[in-house]
Structure formats: C-alpha cells, structure tokens
Amino acid sequence: MKNDKPFRSSGSNVRSRRGIALVTVLTVVSLTTILVLTFFSLSMSEHRASNLYSNGLQAQQVGEQAINMVIAQIREATTAGRTNAWASQPGAIRRWDRTGSPEFLYKLYSDDVMKTTDHAEPFTDFNQSQNWSSQPAHYVDLNEPVIRGEKVYYPIVHPAAADLPQWPQALGNELDRDGVEGFSYNSEFTEILNDQGLIGQTAAEVANVGGGHLAMPVKWIYQLADGTLGVLDESGSDSYKFMAISGAGTPSEDNQMVARFAFWADDETTKLNLNTAAGGLAWDVPKAGGEMDMSMGRYQPAQKEFQRYPGHPATTHLSPVLAPGVLDIVNDRDAMEMIYEITPRVVGGGSESG
C-alpha cells in the first residue's frame, strides 16, 4: 500500500544533531582560543627575554665605556714619542717633556676634566667646601662599605690596613711599623666628615671598627641615548645642566639620559701575585765586588729554584708583606727557606739563594 505522507524526522533527532554541532563548534573555538593564548604567552615570553638580553648588552656596553676611556687615556699618555717620559700611579699617569718639565697629567678616574696640566690636582682633597657627599647626582663613593651584622666589607681598601696588623717592633721602624707597609690615608679628612655627619651611622660603625671611613669619591659620567658622555654642573641649583665631555649631543625628549657610570683604574705594578712571588737573589755574573756579589755569581740556581732565575716573576719578594722593614732578609737563610715553604710552586734548598 502506498504511503502518501511525507517523511519527517523526530524532534529528538534534530536536537541531537544541533547539540553535536554546538559541541563541535565550542571545541573548535576552545582549541583556537588556547592556541591564540599560547601564541601570545610565547610572544610575551620572547619579548621579555629579548628585553632582558638587550638590557644586558646595554649594561655591558656602558661598562665597556669606562674601560675604553681608560685605554684611551693610557695610549695617549704613553705613546707621545721617545722624547717624553711618563710614570704611572694609582689613578693617574704623569708625562714630562724633553726638558724634564711637567707636561700633562692624565686621569684614570671619572671626572669632568680627564687631561690637565695641574699635576697637584689628584691630591686635592674632596674637602668640606666641596661637600661631595651631599651631591649624590654628581659624585659616588667607590669605596662605600657594606655592613652585614658586625662585619664591614670594603670593596677596595679597608682603612684598618693603616693600623693592622701590628708588627713587632723588631720588624719595622718608628715611622711605619703598623699596618700594610707604606699605606696611609688622610685621617684629618675623615674626622671632618664624621664631625659634619655627612657619612651617617654607617661611618660611625665603621669608625669603631677601622678608625674612620676611607672614601674614594669620583664623578658620575652620564650617557645620552646617542652616546654622548658628560657630567652635571655643580651650580647648586635644583635644576642640573648637562655638560658634554665627549660627543656633541644635548639632552632632549628624544635623546634622554640612559645610563651613568664611574670608574677608578689602579696601577698594578706594585701588587704582589701570591701564586708566583717568592724572593731571592737572582743569579748573575758579578758586577762589583764583595762576598754577596761573588756568591751570587758563584752558585748557580738549581732546577725549579725559580726565585733565582733572572727576570722570573718568582724573584719578586714576599718579604715586604711577611716581614716588613727587614731589608737584609735575603742574607737570612732560615727566613728565606720559611718563605719558600708557603709558596706553591717555588722550592727551597738548591743553591739556598746563593
């Protein structure tokens, strides 16, 4: 029998298909949202990593600015020709002309004038009139200590080195028998700062430990976005003026200050390398007369007796540190052998320093 009624789906089947479509769409939308969020999260992470890397490179470049300035100063001071003489010291290089007259002084620390004809300028104290400690935008103390509990940590030099260790009287002289041999600082300047209260409680604590605060103030050098270097004026007003020392840029909204740095370059020609220094009489042929001169040439150094090899770093003496003030310690066989016992690569015995 023929059925003339059209075919119709039931309502439940239609709702089932619609539900499946809705679930499918929601699943696709959820997956798309997750993918988009993951993409943005990865992009933000990469952006942060790129910024950190870029900031690190910028900080490294700023640090290298100080090194490059010191290198430039050293090159200019030491390559002036054979007719000029120069001598280095901590923080400066002095140069003399062919007549022996003082020519230039090249500073190896950050300042607004890096080359001057005033050879006394590096010894001019940052005294009370300059009031450097109240100008943090202009000066920074490179030797500012860090106090942790009862311990004081100085980044460069501890003022107690002028008094400690206290050597026995027999090892020194009346003028310089305490502390590191040859080391001293201006204690009067320290008292002025403490009286004015410019250093604060930290200095008081340090004074009880080491006899006073030993400051090393130098000027901040500011860098603009275009690489121009300069310092701030000391007019004392609330608004500071940028004075360029390298480059021709000026501060502006598009050329802002992006960094500042300060530095001090030391002279390491008088430092002792504890890995190589020992001390002894280097072997050589006699140049004059006397028992010491004859013995120095008669007894050749033994194998690994590096302290007697001419020109070897081991010929640098440790005695100024271990026994300051004893000028003829090389004639004391037992004292020299005791020094060789604590050196890592130098052996005693052999020719026994001649």
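This is a predicted model: local features need pLDDT of at least 70, side-chain atom pairs count only at pLDDT 80 or more; totals for chains, interfaces and linings use all residues.

Trainee: How many bridges join strand 2 to strand 3?
Mentor: Strand 2 covers residues 92-96 and strand 3 covers residues 102-107. The two run antiparallel, and alanine 92 has lysine 107 in strand 3 as its bridge partner. The number of bridges joining them is five.

Trainee: Which residue in the turn between strand 2 and strand 3 has a positive phi?
Mentor: Strand 2 and strand 3 form a hairpin, with five residues between them. A phi of about 90 degrees occurs in that turn, and the residue that has it is glycine 100.

Trainee: Which residue in strand 4 is the bridge partner of tyrosine 106?
Mentor: Strand 3 is also joined to strand 4 (residues 115-116), by two bridges, and this pair runs antiparallel. The partner of tyrosine 106 in strand 4 is lysine 115.

Trainee: Is arginine 95 buried or exposed?
Mentor: Arginine 95 forms a salt bridge with glutamate 103, with 3.1 Å between the closest N and O atoms. Glutamate 103 is partly exposed, at a relative accessible area of 23%. For arginine 95 the relative accessible area is 8%, and a residue under 20% is classed as buried. Arginine 95 is therefore buried.

Trainee: What is the N to O distance in the salt bridge of lysine 107 and aspartate 111?
Mentor: Lysine 107 counts as buried, at 0% relative accessibility. Aspartate 111 counts as buried too, at 9%. Their side chains meet in a salt bridge with an N to O distance of 2.5 Å.

Trainee: How many residues apart are lysine 219 and aspartate 112?
Mentor: The side chains of lysine 219 and aspartate 112 meet in a salt bridge, at 3.2 Å from N to O. Lysine 219 lies in strand 8 (residues 217-219), whereas aspartate 112 lies in the loop between strand 3 and strand 4. Lysine 219 is buried at 8% relative accessible area, while aspartate 112 is partly exposed at 28%. The pair links distant parts of the chain, and the separation is 107 residues.

Trainee: Which strands stand at the edges of the open sheet of four strands?
Mentor: The strand order in this sheet is 11-10-9-12, with antiparallel pairing. A strand at the edge has a single partner strand, so one side is left without a neighbour in the sheet. The edge strands are strand 11 (242-246) and strand 12 (257-261).

Trainee: Which helix is included in what covers the buried residues of helix 6?
Mentor: Helix 6 spans residues 333-342, and its buried residues include Ala335, Met336 and Tyr340. What covers the buried residues of helix 6 includes helix 5 (319-322).

Methods. Residues are numbered from 1 along each chain as its sequence is written. Side-chain values use heavy atoms; hydrogens and water are left out. Two strands pair if DSSP finds at least two bridges between them. Buried means under 20% relative accessible area, exposed over 50%, partly exposed in between (1.4 Å probe, protein chains only). Contact means heavy atoms within 4.5 Å. A salt bridge is a side-chain nitrogen of Lys or Arg within 4 Å of a carboxyl oxygen of Asp or Glu.
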